[in-house]
Amino acid sequence: MRRTIGFTLIGIGAFLLAGFVLARFYIAPTLIGAPTEFYQVTRLQADGASYFDAGKLTPRTGATVTATNTIRSDVKAREDGVAVWDSTTVVEDAANGVTIELQKQRLAFDRRTGRLTNCCGAAVEGDKSVRQSGIGLFWPVEAEKKSLEMFDAKTMRAWPIVFAGEERHDGVRAYKFVQRVPDTKIPGALPALPPELLGLPKGGAAVPVDRYQRSDSTYWIDPRTGAPIDQQRHVVSTLRPQQGGAGSLVVADLDLKMTSESRELLRGKSDDGAAKIRLLKTIVPLTFLGAGLLALAAGLALATGHGRLPRHRGGPGGSAAPASR
């Protein structure tokens with residue numbers, strides 16, 4: 001009977017040890033990644049901002065501008081290992097009732113690495129011909145101290161984003177990354193402008209223009225989850241004559257910083273994600289490992305006889321016979 005129980009425990013122990021390997025090296029990597037069902041709203045705010053009010057054809061300065069980003073996942077469009085998110089950003093001066101810009105992007109990306117792929121209707125401003133590359137809104141789950149490339153939806157190409165050190169940010173150990181996008185021509189046709197709007201003499205013919213944009217962005221990433229917990233962006237956008245030469249118009253000069261409410265939201269989500277990752281990568285596998293080793297040890301002891309109780313000499317009462325003299 002003891003040997004039967006012992007072999008049963010050995011089988012259970014082997015099963016639990018196999019569960020440890022499966023949980024740690026297969027289930028955890030499979031489950032840890034970008035959620036396919038996701039909804040999030042974050043805001044950045046620029047105080048003392050400058051921009052051009054296209055509705056009234058006048059520049060504004062000293063304004064408070066907000067950039068509200070809404071992300072919704074498209075569960076039906078997802079593929080194996082790929083998540084699909086739709087991102088809409090509204091840049092506005094609410095006090096003056098001015099919508100400065102509306103930006104739309106559809107991203108398809110690997111749920112673990114964050115690498116963008118061009119499936120599932122991925123598009124920028126509805127243009128599916130744009131080839132998206134690098135990472136986008138979702139960072140690699142396992143954040144590393146190395147530079148990456150991040151796609152910029154305005155210039156429609158990926159630019160280096162450089163690891164700039166480790167620091168405490170809002171009480172959290174974070175990796176700091178910086179991306180600098182140089183002055184780059186933005187694709188798309190624009191209407192010609194009166195020359196005086198470009199600082200040129202009045203009375204001339206309307207001037208065909210191109211739009212240029214540059215930006216400096218800083219991201220703080222929680223290394224436990226690879227999730228952003230804060231960001232800042234300085235964006236400068238101008239219109240310039242297509243033929244070159246003098247004249248320009250500042251469309252926007254925004255020093256955007258994430259609001260405290262959005263930082264708290266991202267911090268809370270990152271803490272929750274870190275707890276889930278720890279459960280999947282550490283607690284569950286170690287539970288399998290500990291239980292498996294105990295069952296295996298007990299089974300071996302019983303199966304080999306080392307688990308038997310000592311047998312005492314003597315009669316049925318168990319008392320030892322007296323020593324003979």
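Predicted model: local features only at pLDDT ≥ 70, side-chain atom pairs only at ≥ 80, totals over all residues.
Which ring does the charged end of Arg157 sit over? I looked it up: the ring is that of Trp159, with the charged end 3.6 Å from its centre. For this I count a charge as over a ring if NZ of Lys or CZ of Arg is within 6 Å of the ring centre and within 35 degrees of the ring normal. I also found Arg240, whose charged end sits over the ring of Tyr212, 4.4 Å from the centre.

Residues are numbered from 1 along each chain as its sequence is written, and side-chain values use heavy atoms, with hydrogens and water left out.

Next, aromatics. I get eight aromatic pairs in the structure (rings of Phe, Tyr and Trp, the last by its six-membered ring, with centres within 6.5 Å; planes under 30 degrees apart are stacked, over 60 edge-to-face, the rest tilted). Phe38 and Trp85 are stacked, because their ring centres are 4.4 Å apart and their planes at 10°. This pair links distant parts of the chain, 47 residues apart: Phe38 is in the loop between α1 (2-31) and β1 (39-53), Trp85 in strand β3. Helices (H or I, at least four residues) and strands (E, at least two) are DSSP runs, numbered from the N terminus.

Buried or exposed, Trp85? Trp85 is buried at 3% relative accessible area, and Phe38 is buried too, at 17% (buried is under 20%, exposed over 50%, partly exposed in between; 1.4 Å probe, protein chains only).

Then I checked Phe163 and Phe177: centres 5.6 Å apart, planes at 65°, so the pair is edge-to-face. Phe163 is in strand β8 (residues 157-169) and Phe177 in strand β9 (residues 172-186). Phe177 is buried at 1%, whereas Phe163 is partly exposed at 23%.

Now the cores. The largest nonpolar core has 15 residues, and Ala34, Trp85, Phe109 and Phe138 have the most contacts inside it. I take a core as buried Ala, Val, Leu, Ile, Met, Phe, Trp, Tyr and Cys residues joined through side-chain atoms within 4.5 Å. Strands β3 (82-93) and β4 (98-110) each supply at least two of its residues. Another core lies apart from it, with 14 residues, among them Ala49, Val65, Ala67 and Met258.

Last stop: Ser215, in strand β10 (residues 209-222). Ser215 counts as buried because its relative accessibility is 3%.
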